[in-house]
Amino acid sequence: MTHEPVIIARQLTKRFGPFTAVDAISFEVEKGEIFGFLGANGAGKTTAMRMLTGLLTPTSGQASVAGFDVFRSAEQIKRHIGYMSQRFSLYEDLTVKENIRLFGTIYGLTQRQIGDKTFQLLRKLGLSDEAKQQVGALPLGWKQKLAFSIALIHEPKIVFLDEPTGGVDPVTRRQFWELIYQAAHEGVTVFVTTHYMDESEYCHRVSIMVDGRIAALDTPRQLKLTYEADSMDEVFVKLARTTSLS
Amino acid sequence: MTTIDVRDVYKNYGKTRALEGISLRVEEGEIFGLIGPDGAGKTTLFRILTTLLTPDKGSATVLDYDVVKDFKAIRKLVGYMPGRFSLYQDLTVLENLQFFAQVFGSTIEENYYLIKDIYQQIEPFKHRRAGQLSGGMKQKLALSCALIHKPRILFLDEPTTGVDAVSRKEFWDMLHRLRKEGITILVSTPYMDEAGKCDRIALIQKGRLLAIDTPEGIVNSFEKPLWAVQTDQMHLVLQALRRHPNVASVFPFGDVLHLTPKSDLTTGELSNYLLNSGFPDVDISLIPATIEDCFMELMAE
């Protein structure tokens, strides 16, 4: 991996009145890196992610995402990133093809580009026969793969994934991670938030937020060594024990 | 003593087959885990056992009561925590707890000892409306409400979904304390790493059971050798391994790849193959299978 950060955060802070949700966090994420962003409920994860996706203006500090400043160019950030979450991703009552067309149009692709992308994407996912099916009728695992591919439709440098693989069977889950590895290999940076520590073990590096700060940041292997833990679950519990009230 | 006895239960929703011949027994005082992904049929089985649905075929008893004929008796004896938060959002924490105690003809005081450990953590917020609680607190309140009438069996449908690792750990510790009180627990989860916390587990997929045993028994039944392949070039090494004719299967597994070889392959040969393919820094070691490896193997059969 070459040193080419696509997310840079310096002393990034967000206060809500007297409450500091994100407390001067600093980190960088490289091009093509799969970066896990973890934290207990209420640790500040969502607030940090909202700042990095241009949805929330920070109180102080600096950050740039895909080369755009979070203070000045929030709109540009939104256009240049991909986003997928468990809760919101695709329209269930539109067909597979209609969803692709809708998101392609939202991201400003031409009709021709949308046509090409639809063809490629359906072929890659093996969904050509289901192109005219409503998304709601697809198995969860297919929806997740489709949602991920659609999040990449405008070829963003970064894709944000919010708990991407919950609830699917272990084989489908691995197929999904293989899509992520492939995207990362092609140079897309993947920023993953999750509650599930075994999911974090798939990431190149992982940061763990506790009380608004980044309490640890390293490869899963190194974190397990540092905290003398067998699993990321144990690492997390050791770090976050003090905030167990939430 | 068998507290739950399920015999060849089927349930369809229109064309969707939710359960296709499920049989299992849960013994008194054990923590029995139902492990499987969304859509496996876990919730349907819970609803049948808690008398909220009737089976299309087959039968089931809970504490020797039939789930269809004796539904009223069963409802008094079990506690149920559904997967979706189902408490009254506009009642406070305390009001919810009082309500559930009274419905079962009990009081909070009578069984407070049972919920004390978990309820104390949300007691500072007892006048807050349930709808205003965080995910972890909602889960603790839901468990308190399911327990306040001192049920003999506790049905917990995906209690740890969407809850962070610290709260999950506390939750499992709590279940182990409840078991010591003699409460039988049937708990479902899509998370394979929680299987080890149960006394016995059933792996469920598409309405059928893949296996029932202790977690150790399931892991020990994995008969093939399993190798962990460690590399910094996950994507490329995975592609290279897929091309090898003597690799039976290979999957990403956290920060390593898990590989099952065909019988005539050695780790030395595979290392050489990877070296010749341009991957010198690969470490291959024999490892014991996890529940997730077993689940995937059983799915493939």
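Which residue takes a positive phi just after H3(A)? Select A:Gly108: its phi is about 80°. Keep in mind that this is a predicted model.

Step back into helix H3 of chain A, residues 96–106. Colour its buried residues: A:Val96, A:Asn99, A:Ile100, A:Phe103 and A:Gly104. Now look down the helix axis. These buried residues line one face of H3(A), because they fall within an arc of 130°. Show helix H4 (111–125) and helix H5 (140–151) of chain A next; the buried residues of H3(A) pack against both.

Next, the aromatic rings. Over all chains, the structure holds 13 aromatic pairs. Start with A:Phe27 and A:Phe35. Their ring centres are 5.5 Å apart and their planes meet at 5°, so this pair counts as stacked, the cut-off being under 30 degrees. Both residues are buried.

Move to helix H6 of chain A, residues 170–185. Select A:Trp177 and A:Tyr181, which are 4 residues apart and therefore separated by about one helical turn. Their rings form a tilted pair, 6.3 Å centre to centre with 50° between the planes. A:Trp177 and A:Tyr181 are buried.

Last, look for arginines over rings. Select A:Arg174 with B:Phe253: the arginine lies over the ring face, 3.9 Å from the ring centre. Then pick B:Arg168, which lies over the face of B:Tyr191 at 5.4 Å from the ring centre.

Definitions and conventions: Residues numbered from 1 in each chain as written. Chains lettered and ligands numbered in written order. Predicted model: local features only at pLDDT ≥ 70, side-chain atom pairs only at ≥ 80, totals over all residues. Heavy atoms only, no water. Phe/Tyr/Trp six-rings, centres within 6.5 Å; stacked < 30°, edge-to-face > 60°. Buried < 20%, exposed > 50% of the residue type's maximum accessible area, 1.4 Å probe, protein only. Helix = DSSP H or I, 4+ residues; strand = E, 2+ residues; numbered from the N terminus. Lys NZ or Arg CZ within 6 Å of the ring centre and 35° of its normal. Arc of directions from axis to C-beta. Contact = heavy atoms within 4.5 Å.
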